[in-house]
Structures are given as structure tokens and as C-alpha cells.
Amino acid sequence: MKRLFLALAALCLSTAATAQERVLTPGKAAGFDGVITQCITFTRVAFAVDMCDRLSASVASLAQAQGLALLDLGRTEWGFGSDVYLEPTGDTGMEAPVHLTFYIRGSEGPNSAFIWASLYKPTIGRLGPPGRLVIWEDSGLGAGDAATIRDGLSAGLAQKLTPVFEALGAGKL
């Protein structure tokens, strides 16, 4: 028994670790007919907040190219008194939307920003509170010139979202 344990331990230690996969397959993206987006900022630094508008425009183009319905809820601030997710008012016109939320932090002197994107499906727990099933997520970090950070992080994340929206389009209802 001891030899079996040692052999299994050696096998586990010799196996290479794999990185978190950031690829959304059409199988995991199947069954959605639209996207509900929002941008949450934890800062009032202008160049960081401006990323919300740039990402919103990119997502609109990506959704349109894939024939997906889109509802952009806009931007809200957290950390300044009210930390509440934005919710759709009324009927969204979507049967099974997926949610895409951007979280942005930024500072000046020195300029830096962090952005995190989370694509998720809301879940309803039978025994607990509602939750979120994360389907895809990614992030980016930048420091230096404000315009370079704003443009680079926005464009870089939009580029990472292209295959995500292609998978959503391939699996849509």
C-alpha cells in the first residue's frame, strides 16, 4: 500500500501543471440568444472610466456581427456608497441572455489601470441565494501613459472577446 501511495505521489508531482484555459467553446456557449453588459468602475480617474465607452462600442460591434441581441446597461460606480449591480428594467426581448460585466480600477500618479471581464449565466439556487456560473473571464493590467493604457487595455480586451462572441454566435438559440 505504501509503495502504491509513493508511486501515485511521484506521478502527480511529475505531471506538468496547465494554465487556466481562457477559451470559450461553442458547446459551453450554446443556448444563449443575447448579451447583457454593464461596466463597474471602482475609480473616478477619467482615462480608466473612459474604457467603459470603448468596450461598450466594441461589444456592440461584436454582438451585431454574430446576430446576438444586446442590452448595454451602462456604467455604475462601486466604492463610493452604493455597490449594486445594474438590472434591466422591463422585458429584455431575450429568452436566454448571458451577462458580460467589466470591472475597472485605476489610479493617477503613477497612471495604472486594471480591468477584469466576466461572462456569466445567472443561476437560481434551490437551497441558497442566486449565484453566477462563470463561463469565461479574462483581465488586463497597464501602467504608464494614460492614453496608452486606456487604448491598449480596451483594444486588447476587445480582441480577446472576438472568439468569445464567435462561440456565442455559433451556439445561439
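Biologist: What makes C39 and C52 a disulfide?

Modeller: In this predicted model, the sulfur atoms of C39 and C52 are 2.0 Å apart. The cut-off for a disulfide is a pair of cysteine sulfur atoms within 2.5 Å, and the pair therefore counts as one. By that rule the count comes to 1 disulfide.

Biologist: Why is the link of C39 and C52 called left-handed?

Modeller: The angle about the S-S bond is -65 degrees, and the link is left-handed with that value.

Biologist: Which parts of the chain does the pair tie together?

Modeller: C39 belongs to strand β1 and C52 to helix α3, so the pair ties together parts that are 13 residues apart in sequence. Both cysteines are buried.

Biologist: What makes β1 a mostly covered strand?

Modeller: A residue is buried when its relative accessible area is under 20%, and 8 of the 8 residues of β1 are buried. Both faces are covered: G34, I36, Q38 and I40 are buried on one side, and V35, T37, C39 and T41 on the other.

Biologist: How do you know that β1 pairs with β2?

Modeller: Pairing requires at least two bridges between the strands. There are 7 bridges between β1 and β2, which run parallel, so the two strands pair. As an example, V35 has L70 in β2 as its bridge partner.

Biologist: Why are β2 and β5 called edge strands?

Modeller: The strands form an open sheet of 5, in the order β2-β1-β3-β4-β5, with mixed pairing. β2 (69-77) and β5 (131-143) each have a single partner strand, so one side of each is left without a neighbour in the sheet. Neighbouring strands of this sheet are turned by 15 degrees against each other on average, direction ignored.

Biologist: Which helices contact the sheet?

Modeller: Helix α3 (residues 46-66) packs on the sheet and touches β1 (34-41), β2, β3 (97-107) and β4; its direction makes about 155 degrees with that of β3. Helix α4 lies across β1, β3, β4 and β5, and runs at about 150 degrees to β5.

Biologist: Why is A158 called buried?

Modeller: A158 lies in helix α4 (residues 146-171). Its relative accessibility is 11%, and the cut-off for buried is under 20%, so A158 counts as buried. Beyond its neighbours within four places in sequence, A158 is in contact with L55, S58 and L62. The C-alpha atoms of A158 and A57 are separated by 9.5 Å, although these residues are 101 apart along the chain.

Biologist: Which residues have the most contacts inside the largest nonpolar core?

Modeller: That core has 34 residues, and those with the most contacts inside it are L24, L100, F102, L119, L161, F165 and L168. The elements giving two or more residues to this core are β1, α3, β3, β4, β5 and α4. The largest share, 9 residues, comes from α4. In soluble globular proteins, nonpolar side chains tend to be buried together.

Biologist: What does F102 touch?

Modeller: Not counting residues up to four places away in sequence, F102 touches Q38, C39, I40, L55, V59, I115, W116, A117, L157 and L161.

Biologist: What makes the peptide bond from G109 to P110 cis?

Modeller: Its omega is near 5 degrees, and the bond is cis. P110 lies in the loop between β3 and β4. Most peptide bonds are trans.

Biologist: Where does pLDDT stay under 50?

Modeller: It stays under 50 over residues 1-21, for which the model has 1 contact beyond four places in sequence. Where pLDDT is low, the predicted coordinates should not be read in detail. For the protein chain, the mean pLDDT is 85, and 87% of the residues reach 70 or more.

Biologist: How many helices and strands does the protein chain have?

Modeller: There are 4 helices and 5 strands, and from the N terminus on the elements run α-α-β-α-β-β-β-β-α. Buried residues make up 35% of the 173 residues.

How values were computed: Residues numbered from 1 in each chain as written. Predicted model: local features only at pLDDT ≥ 70, side-chain atom pairs only at ≥ 80, totals over all residues. Heavy atoms only, no water. Buried < 20%, exposed > 50% of the residue type's maximum accessible area, 1.4 Å probe, protein only. Contact = heavy atoms within 4.5 Å. Axes fitted to C-alpha atoms, helices over the stretch in contact; angles between N-to-C directions. Core = buried A, V, L, I, M, F, W, Y, C linked by side-chain atoms within 4.5 Å. pLDDT = per-residue confidence, 0-100.
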